[in-house]
Amino acid sequence: MTTLQDYLEKNADRFDKVIHRYFGDVHGDLFRASAHLLLAGGKRLRPAVVILAADAVRKGSSDDLIPAALALELTHNFTLIHDDIMDGDVVRRGVPTVHTVWDEPTAILAGDVLYAKAFEFICLSDATDAAKVRATKMLARTCAEICDGQSMDMAFEKREDVSEAEYLEMVSKKTGVLYGASAAIGGILAGATPIQADALYQFGLNSGVAFQIQDDLIDLLASTEKSGKDQASDIREGKQTLIAIRAREKGIDLVPYRRSLSAEEINDLIARLEGAGVIDEVRARAVERAAVAKEALSILPDSEEKNLLSEIADFFIDRGN
């Protein structure tokens, strides 16, 4: 039986080769910029979810759906390029961000190229026209929701009264819907019934929310050496994460921490949050969402691919532990 780690490694290698085939020898600044982050690697989690969902619905090879799986990776990378511009980030996946290598106008257009290419690759999949129309409609709606989620995230930085419900709506749109679309599109193109496709969407959506909550915990708890990101950057930037919301509810003022912090100050803050139960409560919410995700898979027939999907939900909340 294949372990999840083996599957994800083989899947990433497979999609790295596909990406190099399509994007490894492009010409012109714009197309090199669009390929920059794609060629820098990544876990290729969304393509993995597409293929696993398809294989959980039908038996046999899903090689015919590789273009659709690649479409979800292109969509993800389009959002990363634009996010990096908005956040002013200078490093992504260990390489300089697109707008720092070229410039912001070129980076915006590079993201737009990937956005357009995603729809082209959906159409290259070997599936019925009706299924491709449903998949394309879902991807279009998903892109609009991602933009709405990003807009909400930026607006929240100017507020101190963001509720847990608002936070969960924001991360559902910013992170959850793309995993939801990955699972549902894989199922739809493989011939899933509407009930199966909806179950796969709920699996992906809730897995994605759990992923983002865990990401917020990693930002605070993991060292820079371990995570590759500046520790406690969300706290320093005043991000309204679930950690910040629960801290506020318990009377812990995080405003004084919106500055450069020493390792000792970060550790002291972590101790305060742990003592108040904030960390355990936030982690419990991630576990809860992962459980909802796995329950959604119950209508699918038992298979190795279904088990691997379930393990992905656990993987999302075990990262960084």
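1. Helices here are DSSP runs of H or I, at least four residues long, numbered from the N terminus. Serine 125 sits in the loop between helix 6 (104-123) and helix 7 (129-156).

2. A word on the source. The model is predicted, so local features need pLDDT of at least 70, side-chain atom pairs count only at pLDDT 80 or more, and totals for chains, interfaces and linings use all residues. Residues are numbered from 1 along each chain as its sequence is written, and side-chain values use heavy atoms, with hydrogens and water left out.

3. Is serine 125 buried or exposed? Serine 125 is buried, at a relative accessible area of 2% (buried means under 20%, with a 1.4 Å probe and protein chains only). Its side chain reaches the backbone nitrogen of alanine 68 at 3.1 Å. Beyond neighbours within four places in sequence, serine 125 touches Asp64, Leu65, Pro67, Ala68, Lys132 and Leu189 (contact means heavy atoms within 4.5 Å).

4. Glycine 41 lies in the loop between helix 2 (29-36) and helix 3. Glycine 41 counts as buried because its relative accessibility is 15%. Glycine 94 is 53 residues from glycine 41 in sequence, yet their C-alpha atoms are 9.4 Å apart.

5. Now the helix pair. The axes of helix 3 (residues 45-57) and helix 8 (residues 164-189) come within 7 Å and cross at roughly 35° (axes are lines fitted to C-alpha atoms over the stretch in contact, and angles run from 0 to 180 degrees between N-to-C directions). Helix 3 supplies Leu45, Arg46, Val49, Val50, Ala53, Ala54 and Val57 to the contact. Helix 8 supplies Leu178, Tyr179, Ser182, Ala183, Gly186 and Gly187.

How values were computed: Helices (H or I, at least four residues) and strands (E, at least two) are DSSP runs, numbered from the N terminus. Buried means under 20% relative accessible area, exposed over 50%, partly exposed in between (1.4 Å probe, protein chains only). A polar contact is a pair of N or O atoms within 3.5 Å; within protein, one must be able to donate a hydrogen and the other to accept it, and residues adjacent in sequence count only if both atoms are side-chain atoms.
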